[in-house]
Amino acid sequence: MSRTAVAAAIFISTLTMGGAAFAADPVTAPAPAATAPAPRLPATAAERAAYDRSDALARSVFWSRENETNPADPVAGVKLAQALREMGQFPQAIAVAQQVLVIQPANVEAMLELGKTQIARGQGFYGIAPLEQAKAAAPRDWRPLSLLGVAYQQVRRGEDARAAWAEGLRLSADNPEILTNAAVALIADGNAPAAETLLRRAVAQPGATLKMRQNLALSLGLQGKTAEAEQIIRRDLPPELAERNLAWLNQRTAPGAVSTASAPEQAPSSSARTWNSLQGG
């Protein structure tokens with residue numbers, strides 16, 4: 001066989017072996033694309049309304065999911081901030097409310113929530129600016145004025161506080177929240193009789209709350225009107241908390257007792273009520 005024939009035979013053999021080897025290699029099919037999870041949809045209006053009746057922890061979990069689903073949803077942001085505030089998680093509540101204001105700078109509800117949280121943590125000075133902005137944005141809304149009075153009172157601007165509450169009452173006559181805030185300021189100033197007058201007006205309103213009635217009992221007890229105070233306390237509170245409140249009042253009204261703006265507990269989960277937690281709003 002000539003060299004040319006041998007070379008051709010080798011070339012053909014190589015092609016054949018390569019082809020066989022290639023044919024024998026299993027063909028790997030492309031992996032199926034992973035199915036993307038369906039996007040989470042916001043809760044329905046009915047679901048949101050149902051969670052609004054839940055406790056603060058349940059609401060914080062629900063509104064956190066809603067906020068993650070749509071970070072631009074201002075309602076979810078404000079509701080989450082509210083739940084966090086009620087749980088005492090003040091820095092987180094402030095951060096969430098501020099994020100809403102980044103997205104919607106004119107959102108009055110976020111301004112109010114920011115003010116409430118600063119007041120709740122005893123830093124009313126930092127709540128004044130957002131509350132004044134809310135007042136300017138919603139001049140016919142009594143809520144910024146009610147809260148502004150509390151914030152002013154915290155920084156010892158008593159005259160400004162009284163002016164804010166008076167203006168709020170012009171917008172919403174006999175509003176129980178405004179009356180209660182003004183009355184608590186009077187209690188802190190040692191003027192329980194004047195506070196009683198305002199609180200009786202407050203509890204006579206349809207929207208009166210347990211907290212308002214307990215503040216009335218406080219004003220009565222500090223004046224020595226223990227029978228009526230005890231009647232209100234025992235009607236609203238379970239026995240162990242009623243006894244605790246009555247013991248607190250007895251200590252404050254005993255001869256030689258030092259007056260204080262602190263107050264007893266109202267609920268099992270609360271610690272001793274302080275001036276801040278009496279503010280209402």
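Helix axes are lines fitted to C-alpha atoms over the stretch in contact, and the angles between them run from 0 to 180 degrees between N-to-C directions. In these terms, helix α10 (residues 176-188) and helix α11 (residues 192-203) of this predicted model pack at an angle of about 165 degrees, with their axes 8 Å apart. Angles over 145 degrees count as roughly antiparallel, and α10 and α11 are therefore roughly antiparallel to each other. Their crossing is left-handed. On the α10 side the contact involves Pro 176, Leu 179, Thr 180, Ala 182, Ala 183, Leu 186 and Ile 187, which meet Ala 192, Ala 194, Ala 195, Leu 198, Leu 199, Arg 201 and Ala 202 of α11. By class, the residues of this contact divide into 12 nonpolar, 1 polar and 1 charged.

The chain as a whole holds 14 helices and 0 strands. Read from the N terminus, its elements run α-α-α-α-α-α-α-α-α-α-α-α-α-α. The chain has 281 residues, and buried residues make up 37% of them. Among contacts with a separation of 6 or more, 47% are between residues 24 or more positions apart. The accessible surface comes to about 15500 Å², and carbon and sulfur atoms account for 58% of that surface.

Two further helix pairs were examined. Helix α6 (residues 108-120) packs with helix α7 (residues 124-137) at an angle of about 155 degrees, the axes being 8 Å apart. The two helices are therefore roughly antiparallel to each other, and the crossing of α6 and α7 is left-handed. Val 108, Met 111, Leu 112, Leu 114, Gly 115, Gln 118 and Ile 119 form the α6 side of the contact, while α7 contributes Gly 124, Tyr 126, Gly 127, Pro 130, Leu 131, Gln 133, Ala 134 and Ala 137. The contact of α6 with α7 has 10 nonpolar and 5 polar residues, and no charged residues.

For helix α8 (residues 142-154) and helix α9 (residues 158-171), the axes come within 8 Å and cross at roughly 165 degrees. This angle makes α8 roughly antiparallel to α9. The crossing of α8 and α9 is left-handed. From α8, the contact is made by Trp 142, Leu 145, Ser 146, Leu 148, Gly 149, Val 150, Tyr 152 and Gln 153; from α9, by Gly 158, Asp 160, Ala 161, Ala 164, Trp 165, Glu 167, Gly 168 and Leu 171. The residues in the contact of α8 with α9 comprise 9 nonpolar, 5 polar and 2 charged.

Individual residues were also considered. Phe 90 lies in helix α5 (residues 90-103). With residues up to four places away in sequence left out, Phe 90 touches Arg 85, Thr 117, Ala 120 and Arg 121. The C-alpha atoms of Phe 90 and Gln 118 are 7.7 Å apart in space, and the two residues are 28 residues apart in sequence. Gln 118 is also one of the α6 residues in the contact with α7.

Glu 230 belongs to helix α13 (residues 226-236). Its relative accessible area is 31%, so Glu 230 is partly exposed, a class that lies between under 20% for buried and over 50% for exposed. Glu 230 and Leu 218 are 12 residues apart along the chain, and their C-alpha atoms are separated by 9.6 Å.

Technical notes:
Residues numbered from 1 in each chain as written. Predicted model: local features only at pLDDT ≥ 70, side-chain atom pairs only at ≥ 80, totals over all residues. Heavy atoms only, no water. Helix = DSSP H or I, 4+ residues; strand = E, 2+ residues; numbered from the N terminus. Buried < 20%, exposed > 50% of the residue type's maximum accessible area, 1.4 Å probe, protein only. Contact = heavy atoms within 4.5 Å. Areas by Shrake-Rupley, 256 points an atom, 1.4 Å probe, with all protein chains shown as cover. Parallel < 35°, antiparallel > 145°, perpendicular 65-115°, else oblique. Left-handed = near helix turned anticlockwise from the far one by under 90°. Nonpolar A, V, L, I, M, F, W, Y, C, P; charged D, E, K, R; others polar.
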